[in-house]
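Hi,

Here is the model I said I would pass on.

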Amino acid sequence: MIRRFGETPETGRKYTRRVGVYALLPRGGQLLLTCQTEPGPDLQLPGGGIDPGESPISALHREVYEETGWHVANPRRIGAFRRFTYMPEYDLWAEKVCLIYRARPVRRKGPPSEAFHEALWMEAADAIELLGNDGDRHFAEMHLSSL
């Protein structure tokens, strides 16, 4: 069973399962994060949904690039969690299955290409306090404790 973070699912509500990939991107004591400004703001680990026919690793590279403008290398899966949430951008109640990877940010190619996203570097200790969901905070905390 994958650990659940956040709200308990509401009885009688239909949730659509959405599998996504998300990345811890450390450099020194900092993490590369994305801030989704609409409908937010919401500070997040970069990542998102896996498209039909797409592998998790391909999705991770695509999503990180879209949300941060960075290319990454050496992704390694370090865990997973799930959460039940409303996704206003899709008008959807979702069971999000979040596959978490650690990767090395290697090169910034430009600004994020996904609308309403801003890339930022933040001290890992600060990120733990400011990330927008408990699952992201849990994995950032695991990362910090391994330094």
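Let me start with Asp-91, which sits in the loop between strand 6 and strand 7 (92-108). Helices and strands here are DSSP runs (H or I, at least four residues, for helices; E, at least two, for strands), numbered from the N terminus. Before going on, the ground rules: this is a predicted model, where local features need pLDDT of at least 70 and side-chain atom pairs count only at pLDDT 80 or more, while totals for chains, interfaces and linings use all residues. Residues are numbered from 1 along each chain as its sequence is written, and side-chain values use heavy atoms, with hydrogens and water left out.

Most residues other than glycine have a negative phi. Asp-91 also counts as exposed, at 58% relative accessibility (buried is under 20% relative accessible area, exposed over 50%, partly exposed in between, with a 1.4 Å probe and protein chains only). Phe-116 has a positive phi as well, near 65 degrees, and is found in the loop between strand 7 and strand 8 (117-123).

Now the aromatics. Searching the whole structure turns up 6 aromatic pairs (rings of Phe, Tyr and Trp, the last by its six-membered ring, with centres within 6.5 Å; planes under 30 degrees apart are stacked, over 60 edge-to-face, the rest tilted). Tyr-15 and Phe-84 make an edge-to-face pair, because their ring centres are 5.0 Å apart and their planes are at 80 degrees. Tyr-15 is in the segment before strand 1 (16-24) and Phe-84 is in strand 6 (residues 70-87), so this pair ties together parts that are 69 residues apart in sequence. Tyr-15 is buried at 17% relative accessible area, and Phe-84 is buried at 13%.

Tyr-86 and Trp-93 form a tilted pair, with 5.0 Å centre to centre and 50 degrees between the planes. Tyr-86 is partly exposed at 34%, as is Trp-93 at 28%. Ring pairs link Tyr-15, Phe-84, Tyr-86 and Trp-93 into a cluster.

Two last things. Asn-74, in strand 6, is partly exposed with a relative accessible area of 45%. Its C-alpha is separated by 27 Å from that of Met-1, 73 residues away along the chain. Then there is Asp-126, which lies in helix 2 (residues 124-130) and is partly exposed at 41% relative accessibility.

Cheers
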